[in-house]
Every structure is written in structure tokens, then in C-alpha cells.
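Hi,

Here is the structure I promised to pass on.

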Amino acid sequence: MVLLVFSCLSMVAVPSYIDFQERQTTSIKAQEVKRMLEFARNIAITRNKEVKVCLATSDYRCTQSQGNRLVLFHDKNFNHQWNVSEQKYRDISIESLALKLSVSGGRRYIRFKQTGESKESGNILVCDKKAGSDYGRQVIVFRSGQIRLSKDDDLDGYDDKSGHSILCH
């Protein structure tokens, strides 16, 4: 009897714990992306230079999706990729996650001015690459330079955007 009760509880608890762990991992990565954007804003102000954050490929070309790293750098030659001659402030590997950049003007990057304002508004969608995982979070950037994480307004377990759950497909 005890074994039967334990088996039933395990069937419910283990999948719930796995879902919880995947959501936590996604939330932690979203917070890391947010901190990187805040750091970029701080660098722009303190170093008095425009900096760029982009989702990048292995050869450091900025892209809107399918990148494997998030890079913060000063793009001196405006070619939208980090070069050895340019200052790189941070480089985060995102192998286990899928990030998608949605920025005003269809740009593949977010720039911060010396005043701390962003030249673009938009968001970075953070998702787990595991099949079957549909939980996502957004890091939202405003032109004012304010950066925030998406929230679960309707308490359904998913963060929301314009009244609809943010889902990764």
C-alpha cells in the first residue's frame, strides 16, 4: 500500500519538478541577459561611447536568431560584428537556450548611447532549446534605457505579452 502511494506521488511530483527546473533555468538566463543589457547601458554612460549588444554567430556576426552567444562590444567600424581590434566587454555562451531578438527597424542589435538611452526599443525572447519546453521570458528594452523582464499578469504560469502568454515554439 505504501509503495502504491509512493508510486502515485512520484508520477505527479517528478514531472512537476522537471517543469519547475526548466522554468527556473529559463528565468535565470533571462535575468543574466537583463544584467548584460544593464551593464551595456552602464558602460555607455561611464565610458562615454556607444556600445552594441547583439545575438551573434560563432564568427561574431550579429543575427536576430540562431546565434550561440550574446556579445557586448564597441563597434568602431559599424560592421555589426565584433572584430579583434574592437573592445569586447562581455561574451555569454547561450548554447542551451534559444534567443530571438525583436528590435525596432528590424535591426540585429541594440545600441546604448552615452546618455544611457537605447537607440532601439524591443525585446529578447529567452527559451529553452529542449523539445517540448514552451516556457519563455522576454527581456524588454525601452528607448529611455529602461530594461525589465516580462511578468505573469494573469497567473497562469506563463509570462504575458499584450494579454497573451509568451510561448516558445
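Which side chain meets that of lysine 88 in a salt bridge? The partner is aspartate 91, with N and O 3.3 Å apart. (A salt bridge here is a side-chain nitrogen of Lys or Arg within 4 Å of a carboxyl oxygen of Asp or Glu.)

Before I go on, two notes on the ground rules. This is a predicted model, in which local features need pLDDT of at least 70 and side-chain atom pairs count only at pLDDT 80 or more, while totals for chains, interfaces and linings use all residues. Residues are numbered from 1 along each chain as its sequence is written, and side-chain values use heavy atoms, with hydrogens and water left out.

**Salt bridges**

Back to the pair above. Lysine 88 counts as partly exposed because its relative accessibility is 27%, and aspartate 91 is partly exposed with a relative accessible area of 27%. For these labels, buried means under 20% relative accessible area, exposed over 50%, and partly exposed in between, using a 1.4 Å probe and protein chains only. Arg69 joins Lys88 and Asp91 in a network of salt bridges.

The structure holds 10 salt bridges. Among them is the one between arginine 61 and aspartate 59, again with 3.3 Å from N to O. Arginine 61 is partly exposed at 46%, and aspartate 59 is partly exposed at 43%. Another links lysine 113 to glutamate 117, where the closest N and O atoms are 3.5 Å apart. Here too we have partly exposed residues: lysine 113 has 25% relative accessibility and glutamate 117 has 33%.

**Arginine 111**

Glutamate 117 turns up again in the surroundings of arginine 111, which touches Glu50, Val51, Lys52, Glu117, Ser118, Lys119 and Glu120 once neighbours within four places in sequence are left aside. Contact means heavy atoms within 4.5 Å. Arginine 111 sits in strand β6, residues 110-112, and is buried, with 15% relative accessibility. (Strands are DSSP runs of E with at least two residues, helices are runs of H or I with at least four, and both are numbered from the N terminus.)

**Arginine 137 and its sheet**

Is arginine 137 buried or exposed? Its relative accessibility is 11%, so arginine 137 counts as buried. The residue belongs to strand β8, which runs over 136-141. Not counting residues up to four places away in sequence, arginine 137 is in contact with Thr26, Ser27, Ala30, Ile124, Leu125, Val126, Leu149, Ser150 and Asp159. Serine 150 deserves a look: a polar atom of the arginine 137 side chain lies 2.6 Å from the backbone oxygen of serine 150.

Strand β8 is part of an open sheet of four strands, ordered β5-β7-β8-β9 and paired antiparallel. At the edges are β5 (97-103) and β9 (147-149), each of which pairs on one side only. On average, neighbouring strands in this sheet are turned by 15° against each other, direction ignored. (That angle uses axes that are lines fitted to C-alpha atoms, for helices over the stretch in contact, and angles run from 0 to 180 degrees between N-to-C directions.) Strand β7 (residues 122-128) and β8 are antiparallel partners over six bridges; two strands pair if DSSP finds at least two bridges between them. Glycine 122 has valine 141 of β8 as its bridge partner.

How many aromatic pairs does a search of the whole structure find? One. The rings of tyrosine 60 and tryptophan 82 have centres 4.9 Å apart and planes at 65°, so the pair is edge-to-face. Rings of Phe, Tyr and Trp (its six-membered ring) pair if their centres lie within 6.5 Å, and planes under 30 degrees apart count as stacked, over 60 as edge-to-face and the rest as tilted. Tyrosine 60 is buried at 15%, and tryptophan 82 is buried at 16%.

Most residues other than glycine have a negative phi. Tyrosine 60, in the loop between β1 and β2, has a positive phi of about 70°. Histidine 80 has a positive phi near 60° and lies in the loop between β3 and β4.

Cheers

Methods. Polar contact = N/O pair within 3.5 Å; in protein donor to acceptor, adjacent residues only side chain to side chain.
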